[in-house]
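I opened my notebook to look up a few things about how this structure packs. Here are my entries, in the order I made them.

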Amino acid sequence: MTLRTQLLLEATDVAKTYGAVVALRSASLAVRPGEVHALMGANGAGKSTLVKILTGAVRPDSGRIVVGGRERMAHSPAEARRGGVVSVYQEPALIPDLDVRSNLRLTKTPEESFRHWLAELGIENLDFSELARVLPLATLRIIDLARALAIEPDVLMLDEMTAALPANLTERVLAVVDGHRGADRSVIFISHRMIEIAAVCDRATVLREGTTVGVVDMTDGAEERIVELMIGDVAEAVPPRTARRDAGAARPPEATPRLTARSLSAKHKLRDVSFELHRGEVLGVVALEGQGQDELFEILSGSERPDGGEMLLDGAPVTFHHPADAIRAGVVYVAADRADALLMQRSITENIALPLTSRIRQWGWINLVAERTRVDAAVEALQIDARAGGEVRQLSGGNQQKVTIARWVAGGVQTMLCFDPTRGIDIRTKSQIYLLLRDLADAGAAVLFYTSELKEIQLVCDRTIVIFGGRVVAEIDAADSDEPTLLRAAYDLPSDAPADTVTDVAVAGPTTRERST
Amino acid sequence: MSAVAGPIVDTRGRPVVDALVAWARRNGWTLSLIALLAVLLAFTKVINPSYGAPGIQGLAISVLPLALAAVAQAVCVIGGGIDLSIGSMMALTSVVAASQMKDQSEEFGVAVILAVLILGLIIGAVNGAVIVITRVPDIVVTLAMSFVWAGAALLVLKTPAGGSAQWLKDLVLGPAGFDWIPKAAVVLIVVVAVIWIPLRRSTVGLSIYAIGSDRLAAFRSGVAVGPTKVIAYATTGLFAALAGISLTASTGIGNPVPGPYTLMSVAAVVLGGVSLAGGRGGVFGPMIGVLILVLIQNDMAFLSLDPNLALVSQGLILIGVVMFGSLIQWRRSRR
Amino acid sequence: MTSSISTRGARIPGGWSRLLREQPVVPISALLIVIVVIYALVRPGVVNADWAGVILRAAVPLAILAGCQTLTMLTGGIDLSVCAVASMAGFMVASLLHGPGFEIGIAVALTAAALAGLLTGIGVGIFRVHPLIMSLGVSFVVLGLANAWQILTVQSSTGVPPVLRTIGSERLGELLPYSLVVFIPLTALILIGLRRTGFGRMLFAIGDNPTAARLSGARSWQVLITLYVLSALMAALAGLLLSGLTNVASVTLADSLVLPSVAAAVIGGTSIFGGRGGFGGTIVGALILTVISALLTALGFPEAVRQILFGSIIVVVAAAYTRVTSVS
């Protein structure tokens with residue numbers, strides 16, 4: 001109990017719900033003075049939400065926050081800052097249309113101290129009259145960090161600080177973080193890179209699905225322990241009826257794959273991705289957040305055009321200028337974010353029937369009977385529970401997700417691109433979606449399936465490609481795709497290699513992108 | 001038109017030249033506007049060789065209210081909003097000033113002007129507060145408030161009437177000592193300089209740019225978003241009041257029916273390089289934009305063309321400029 | 001495993017707010033009845049079938065213009081050029097009456113309107129200019145051209161064609177206005193079109209979520225260009241009726257209706273953000289505004305009070321809708 005009073009920052013049972021989605025269920029975090037504390041968790045575990053709550057950017061539904069022995073709930077970042085709690089967010093909090101100097105004035109940052117930290121972090125000759133919008137992302141993040149350090153906060157939170165940085169800057173940042181722990185100062189450090197955590201952190205708190213599942217002292221073997229905690233008890237994760245496929249069963253070799261990607265690249269995020277997707281298979285995609293998978297799916301679905309490389313459909317090169325082109329070619333996309341896919345204020349019927357009226361020649365009279373039949377069939381196939389209300393936004397997250405899939409099932413599926421379709425939905429719906437994807441593949445469809453939940457891979461996929469830093473770094477058969485293997489591959493860790501061979505992991509500099517809800 | 005200041009770190013050894021180049025690049029839009037204005041002035045002189053000091057003075061007088069309206073619009077657009085009630089606020093402040101100053105002493109006129117300026121601040125702040133509190137979009141609120149302020153103006157005066165203190169008329173009419181420098185231009189520059197430049201350099205001014213540029217980043221930088229928005233709209237109200245007073249000063253009366261100032265101010269702001277998305281631009285560009293719009297109108301008259309064609313060309317310029325602007329933005333986002 | 005989702009649905013407020021959100025026609029019809037009752041109380045004996053006919057006749061052009069706003073607002077837009085287009089159409093038909101004739105006049109007016117709508121649609125749909133700015137600019141152009149046309153044709157006294165006078169202002173059996181002959185089919189077309197055609201669905205879809213519409217294969221520029229052309233044609237129709245109603249053809253005839261047309265749509269429950277609303281509520285909204293105007297005139301209130309009241313109603317109603325439709 002004496003320890004408790006010495007804590008610099010303590011959050012207890014913090015919960016936060018966005019509409020129907022629980023971002024944090026019961027998160028707790030205790031930071032001792034003078035330590036670098038890692039906050040770990042898989043995608044969507046609630047790390048960023050917790051940081052936002054601690055800095056007052058988001059108000060929690062419940063929970064207690066104690067800073068420096070006094071209970072305090074900040075209502076804005078400015079208030080948290082005055083209380084000595086400062087965060088460097090994933091998106092730099094610099095005003096794009098103001099120059100660096102004005103940005104400093106806006107936050108009342110002492111310029112001398114800022115210059116000192118900037119030099120310490122390895123950026124010299126920064127033109128203070130340059131607009132923030134023209135500076136590269138890495139520089140912006142360093143400026144953001146130097147600005148935070150300049151006001152000497154008690155608690156400094158770094159959310160994926162090293163994600164956008166080249167290797168030399170990453171080293172400087174880690175050195176500064178290492179040196180920053182003082183008598184009374186602490187750092188909360190969020191990173192996907194285990195190697196960095198091991199290098200600078202004293203302890204790690206692990207979140208899983210919005211709940212704190214453990215605190216680990218960073219001694220030898222801590223990495224394994226963290227991975228175990230992040231994954232959770234595998235036994236409870238298996239759905240009632242798995243659709244596991246006999247991994248040994250060889251597919252008859254096909255002459256031409258349904259979809260072929262050749263060296264696709266885009267916007268420095270996607271560097272070189274090639275794969276083949278066949279009819280009748282579910283191809284899994286595994287990647288940490290922000291490794292280029294978002295861009296890959298956007299390109300395949302016609303939302304963005306690639307900078308390089310080509311796509312082949314049934315062996316013939318295709319170029320999609322608009323999602324409409326992809327849809328016409330039979331390539332449909334289940335978007336990551338339901339908010340991107342649904343007409344929230346409209347009915348289930350209108351949402352499912354949306355693609356049926358999108359082309360000019362479909363603008364005329366709607367055959368309600370035919371539409372009803374198709375929609376009902378889709379609702380039936382996905383067991384959508386429509387009792388909650390007439391508008392889609394009144395449905396539960398799981399049912400909303402089913403509507404986004406039903407939209408395409410209603411029209412018959414040739415090729416489906418699913419981007420994390422089971423994020424944030426209940427377990428029953430998840431297993432229904434697994435079964436549906438398997439059924440689609442068995443009926444001859446080709447399915448590309450990205451998921452942030454690695455345990456799903458074994459349940460659904462025939463093969464899996466792993467993307468890291470915009471490149472395919474591994475291809476794994478269903479038989480071998482157990483979670484530890486996948487996770488190691490996703491971190492680009494050779495399964496038994498010593499840690500120091502992967503130091504240059506940091507060179508790949510993709511940014512992580514925060515997705516709300 | 002951000003002022004360039006401070007030492008520019010430079011390794012190539014020609015700081016002054018580089019600074020100038022950087023400044024010119026950053027203010028490219030305004031510089032091209034000035035060039036366009038110069039061309040227009042030259043064109044005016046060609047088609048109307050007698051165009052001289054009186055023409056410039058007439059131009060300054062007719063530009064003054066619109067230029068102030070454009071400045072008013074620029075402030076709230078920079079803050080990420082838009083104010084469709086500027087014309088109505090001008091009408092209201094103009095009739096209040098004219099009706100109160102009529103047949104009163106010169107000294108009383110000073111008090112009236114001060115009171116009207118405060119009135120402008122208040123009605124602007126009301127616009128902003130309604131937007132912040134109800135969370136109804138800026139466009140809808142200011143559209144509705146344009147009814148309210150225009151109605152209020154009609155309550156004050158049913159028809160154009162009232163009067164103006166003599167000193168107020170003297171302030172804007174005629175040349176400022178030298179024939180080529182009209183008083184109205186001096187007044188405009190002084191007023192804008194006295195209000196806008198200190199504001200822009202203050203933290204409040206930075207905050208206005210910040211909420212317009214990136215609301216979330218501003219919030220995370222510790223900017224009080226709601227109050228800043230109210231301040232931006234109050235400033236808009238203040239400039240609208242100045243514009244209304246300048247109407248009274250130049251015409252000697254107050255007209256309760258709003259002129260075309262709201263729409264023209266939007267056109268001038270867009271033409272002046274202020275991004276409708278907020279956060280970008282200044283008040284200098286819109287003032288040049290107003291000069292260009294009014295000069296086109298004048299030139300049409302000199303060419304004895306139908307003045308209504310000036311309206312058409314102003315509309316086409318507005319459309320052309322915004323289309324061009326969004327095309328640039330679109331291309332930039334594609335990269 | 002504990003799922004990361006709770007099935008707790010979105011907050012569903014009960015009672016009035018739910019009604020206001022899902023069936024705005026019902027509460028605002030109640031509001032209309034309340035206002036009519038107030039009218040009947042302060043001016044006893046005036047409210048009768050004849051009065052209703054007069055109100056209806058006055059409300060029709062406003063309702064059509066508000067229909068333009070409704071359709072464009074469903075996509076998250078707005079069309080401020082409707083009144084310039086309406087006035088232009090009315091004036092053009094009148095000015096061409098003595099030369100080329102009535103039919104040619106109608107054809108020319110509708111073509112001009114469609115061109116104006118096309119311009120707005122191209123700006124909004126292809127260049128992604130904010131609809132407010134785009135339609136504003138187009139209204140400048142239309143008004144200026146109409147003015148120039150006026151001077152060119154030197155029409156000192158333009159006569160409104162008798163057909164339009166009949167349709168616009170006369171009433172069948174001194175009761176039902178003839179304008180209903182135009183209005184009822186138009187209303188049916190809009191109501192059914194919004195509900196039963198693919199185009200109607202697309203309007204809601206683009207307004208509700210442009211990203212979702214795009215991902216479902218919709219090309220929004222096609223929808224928007226069609227929409228703004230339709231809107232301009234409807235505006236022209238309203239202008240013809242209005243010139244018949246007032247027996248005036250001037251290039252600024254409908255100018256005072258810009259803001260009321262937006263107000264009627266907002267009061268009728270159409271969201272300025274798009275994706276929510278309908279023409280039924282808009283008609284009631286237009287009736288409410290017309291009755292309030294008549295009431296204020298009857299009570300001898302000045303124009304000023306009417307404007308202030310209109311403005312306040314828009315803010316209050318928009319705030320109420322924002323409150324009940326926002327997801328907390």
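I take contact to mean heavy atoms within 4.5 Å. I also remind myself that the model is predicted.

Entry one, a single residue. Which residues does V192(B) touch, once I leave aside its neighbours within four places in sequence? I found L68(B), V71(B), I197(B), F239(B), V283(B) and M287(B).

I looked up the largest nonpolar core and got 220 residues. V192(B) turned up again, listed with W196(B) and F239(B) as having the most contacts inside that core. Helix 3 of chain B, residues 53-78, gives this core its largest share, 17 residues. I then noted a second, separate core of 96 residues, which includes F128(A), V200(A), V334(A) and I405(A).

I followed helix 5 of chain C (residues 102-125) and helix 11 of chain C (residues 220-246), whose axes come within 7 Å and cross at roughly 145°. The crossing is right-handed.

Entry four, the domains of chain A. The assignment gives domain 1 as 2-235 and domain 2 as 257-330 + 415-420 + 446-512. Their centres, taken over C-alpha atoms, are separated by 29 Å.

Definitions and conventions
Residues are numbered from 1 along each chain as its sequence is written. Chains are lettered from A and ligands numbered from 1 in the order in which they are written. This is a predicted model: local features need pLDDT of at least 70, side-chain atom pairs count only at pLDDT 80 or more; totals for chains, interfaces and linings use all residues. Side-chain values use heavy atoms; hydrogens and water are left out. Axes are lines fitted to C-alpha atoms, for helices over the stretch in contact, and angles run from 0 to 180 degrees between N-to-C directions. Helices (H or I, at least four residues) and strands (E, at least two) are DSSP runs, numbered from the N terminus. A crossing is left-handed if the near helix is turned anticlockwise from the far one by less than a right angle, and right-handed if clockwise. Domain bounds come from an automatic or database domain assignment. A nonpolar core is a set of buried Ala, Val, Leu, Ile, Met, Phe, Trp, Tyr and Cys residues joined through side-chain atoms within 4.5 Å. Buried means under 20% relative accessible area, exposed over 50%, partly exposed in between (1.4 Å probe, protein chains only).
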